[in-house]
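Please open the model in a viewer and keep the sequence panel at hand.

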Amino acid sequence: MVIGDLNVKGGEAVAEKLGKDCVFVKCDASNYDDVVNIFETAKQKFGRVDFGTFPFPPHKRPTLRKTARIAVSLVKKLNRLLIVVAANAGIAESMDLTKPINVAAGQTPPKPNLKTVDVNLYGPLYAAYLAVHYFRTNSPATGGRYVVTSSAAGLYGHIDLPLYSAAKFGCVGLIRSLGLDRRCIAENITFNAICPGWVETGLAPPGMIEFVRQNCAEIITPMSTIMRAYNIFLDSNVSAQAYECTGELAEPRPEPDVFPLPVGC
Ligand SMILES: NC(=O)c1ccc[n+]([C@@H]2O[C@H](COP(=O)([O-])OP(=O)(O)OC[C@H]3O[C@@H](n4cnc5c(N)ncnc54)[C@H](O)[C@@H]3O)[C@@H](O)[C@H]2O)c1
């Protein structure tokens, strides 16, 4: 298993816990060459793509422990399945899109900071593109499993997170489309997304989980719910599915309407 993350300290700590079958590589998910490097490392170290970018919530020990447990469980799955890509890196809102801008006469607004989209959408796009390629280089090529961490904000708009929501909707659009790809279906390559509500990790702003706990505790989602969805993706050839993970519930969210576009037209 290869773990990629910006956070070297947290990533190395998790890799060490997981032992010799796990390698950490520093990676900026929004940088194409860094993402290539993860796949190449997997290929060189393990001979095939047994690969995952994974959360290493580095900020708090409990989160790190939880993450290590999930990673161990994934490694067990990997031993059976051999080929998994988990595009999981994510950041919160990189700017306030509607904050009034002071623009001097004759000037135009500065370019917006869309880092959230770079990491949360471009990262998974690079990973999906590379995953298909590297899955095919395995010998024998038995297919592959691509799982992206979207969000409940990838299914529903979020008042405070328009960039985040746009990127996470993009991830859902990506897997719902790639999951229909005829070549990938024939090659046993699947694409799915998990869409969690609030999870207690380093991403949640300070105080937010407490606020949610007091006002709508049912949307706090334990890692076990997310792992249930992962297990479904790893154990079956289900594809193009966005699983909403809220509280104890992990279930597919169908598209709202059937769009009458003939497949492949
Ligand atoms: N925590 C939640 O409530 C929640 C809800 C829905 C979806 N998610 C999604 O879950 C995923 C994991 O986040 P988390 O909640 O574990 O948060 P987290 O902040 O604990 O973990 C995110 C990880 O991504 C890494 N990262 C950030 N930018 C990166 C980059 N450019 N390149 C590589 N790594 C980078 C961070 O170092 C960190 O280890 C994210 O995609 C997030 O959007 C989280």
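Does Thr-98 count as buried or exposed? Thr-98 counts as exposed, because it has 7 C-beta neighbours inside 10 Å. The terms are set by the number of other C-beta atoms within 10 Å of a residue's own: 20 or more for buried, 12 or fewer for exposed, and partly exposed in between, with C-beta atoms placed from the backbone.

Two remarks on conventions are needed before continuing. The model is predicted, and local features need pLDDT of at least 70, side-chain atom pairs count only at pLDDT 80 or more, and totals for chains, interfaces and linings use all residues. Residues are numbered from 1 along each chain as its sequence is written.

**Stop 1: the whole chain**

Display the protein chain as a cartoon; its secondary structure comes to eight helices and seven strands. These elements are DSSP runs numbered from the N terminus, helices being H or I of at least four residues and strands E of at least two. Of the 265 residues in the protein chain, 40% are buried. Among contacts between residues at least 6 apart in sequence, 66% join residues at least 24 apart; two residues are in contact if their C-beta atoms, placed from the backbone, lie within 7 Å.

**Stop 2: Thr-98**

Return to Thr-98, which lies in the loop between β3 (84-87) and α4.

**Stop 3: helices α4 and α5**

Select residues 115-137 for helix α4 and residues 162-178 for helix α5; they pack at an angle of about 15°, with their axes 7 Å apart. Axes are lines fitted to C-alpha atoms, for helices over the stretch in contact, and angles run from 0 to 180 degrees between N-to-C directions. The two helices, α4 and α5, are therefore roughly parallel to each other. That term covers angles under 35 degrees, while over 145 counts as roughly antiparallel, 65 to 115 as roughly perpendicular and the rest as oblique. The crossing of α4 and α5 is right-handed, that is, the near helix is turned clockwise from the far one by less than a right angle.

To inspect the contact, show side chains on both helices: the α4 residues include Asn-120, Leu-121 and Leu-125, and the α5 residues include Ala-167, Lys-168 and Leu-174. By class, this contact of α4 with α5 has 12 nonpolar, three polar and one charged residues. Here Ala, Val, Leu, Ile, Met, Phe, Trp, Tyr, Cys and Pro count as nonpolar, Asp, Glu, Lys and Arg as charged, and the others, Gly among them, as polar.

**Stop 4: helices α2 and α4**

The crossing of α2 and α4 is right-handed. Their contact is made by Tyr-32, Val-35, Val-36, Phe-39 and Lys-43 of α2 and by Tyr-126, Ala-127, Leu-130 and Tyr-134 of α4. The residues of this contact divide into eight nonpolar, no polar and one charged.

**Stop 5: the nonpolar core**

Next, select Ile-175, Ala-193 and Ile-194, the residues with the most contacts inside the largest nonpolar core, which has 61 residues. Its largest share, nine residues, comes from α4. Such a core is a set of buried Ala, Val, Leu, Ile, Met, Phe, Trp, Tyr and Cys residues joined through C-beta atoms within 7 Å. Leaving aside neighbours within four places in sequence, the contacts of Ala-193 include Val-148, Cys-171, Ile-175 and Tyr-243.

**Stop 6**

Move to Asn-192, found in strand β5. Asn-192 counts as buried because it has 27 C-beta neighbours inside 10 Å. Its C-alpha atom and that of Val-148, 44 residues apart along the chain, are separated by 6.5 Å.

Then select Ser-151 in the loop between β4 and α5. With 28 C-beta neighbours inside 10 Å, Ser-151 counts as buried. Not counting residues up to four places away in sequence, Ser-151 touches Lys-168, Cys-195 and Pro-196.

**Stop 7: backbone details**

Finally, centre on the peptide bond from Ser-139 to Pro-140, which is cis, with omega near 0°. Pro-140 is placed in the loop between α4 and β4 (144-149). Ala-240 has a positive phi of about 65° although it is not a glycine, and Ala-240 is found in the loop between α8 (223-235) and β6 (241-246).
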